[in-house]
Amino acid sequence: MREKEVINCKDCRRLGYVTDIEFDPCSGKILAIIVPNQSKSFWCFGVAEEYYIDFCNVVRIGPDIVLVDVCPEIGRAEV
């Protein structure tokens, strides 16, 4: 999953690449994928915002990309 690009189906925006996943250790189910925000506005200060995308919002996982269905208006720190 780390090399897959995440694209939002609602606005066709590229969100970035999967860097981490959150899963339930008891059931082994994936709960969310984490994608760093590619905004360049705060990169020089070392501030890294992340998109936290619930796995229920994942539409399809392909060989190169992950399609998600999230609202484009939702804040930068969480999607």
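Asp69 forms a salt bridge with Lys10 in this predicted model, a salt bridge being a side-chain nitrogen of Lys or Arg within 4 Å of a carboxyl oxygen of Asp or Glu. The closest N and O atoms of this pair are 3.7 Å apart. Because Asp69 lies in the segment after β7 and Lys10 in the loop between β1 and β2, the pair ties together parts that are 59 residues apart in sequence. Asp69 is partly exposed, with a relative accessible area of 36%; buried denotes under 20% relative accessible area, exposed over 50%, and partly exposed the range in between (1.4 Å probe, protein chains only). Residues are numbered from 1 along each chain as its sequence is written. Local features need pLDDT of at least 70 and side-chain atom pairs count only at pLDDT 80 or more, whereas totals for chains, interfaces and linings use all residues; side-chain values use heavy atoms, with hydrogens and water left out.

The count of salt bridges comes to 3. Glu5 pairs with Arg14, with the closest N and O atoms 3.4 Å apart. Glu5 is buried at 13% relative accessible area, while Arg14 is exposed at 59%. Arg13 forms a salt bridge with Asp11, at 3.8 Å between the closest N and O atoms. Arg13 is partly exposed, at 28% relative accessibility, and Asp11 is partly exposed, at 31%.

Glu5 lies in strand β1. Strands (E, at least two residues) and helices (H or I, at least four) are DSSP runs, numbered from the N terminus. Strand β1 (residues 5-8) runs antiparallel to β2 (residues 14-17) and is joined to β2 by 3 bridges; strands pair if DSSP finds at least two bridges between them. Ile7 stands opposite Arg14 in β2. Beyond its neighbours within four places in sequence, Glu5 has contacts (heavy atoms within 4.5 Å) that include Arg14, Asp64 and Val66.

The hairpin of β1 and β2 has 5 residues between the strands, and Cys12 takes a positive phi near 60° there. Cys12 is exposed, with a relative accessible area of 64%. The whole structure contains 0 disulfides, defined as pairs of cysteine sulfur atoms within 2.5 Å. For Cys12, the nearest cysteine sulfur is that of Cys9, 7.4 Å away. Cys56 is exposed, at 68% relative accessibility.

The largest nonpolar core has 11 residues, among them Val6, Leu15, Ile33, Tyr51 and Val66. Such a core is a set of buried Ala, Val, Leu, Ile, Met, Phe, Trp, Tyr and Cys residues joined through side-chain atoms within 4.5 Å. At least two residues of this core come from each of β4 (30-36), β5 (50-54) and β7 (65-68).
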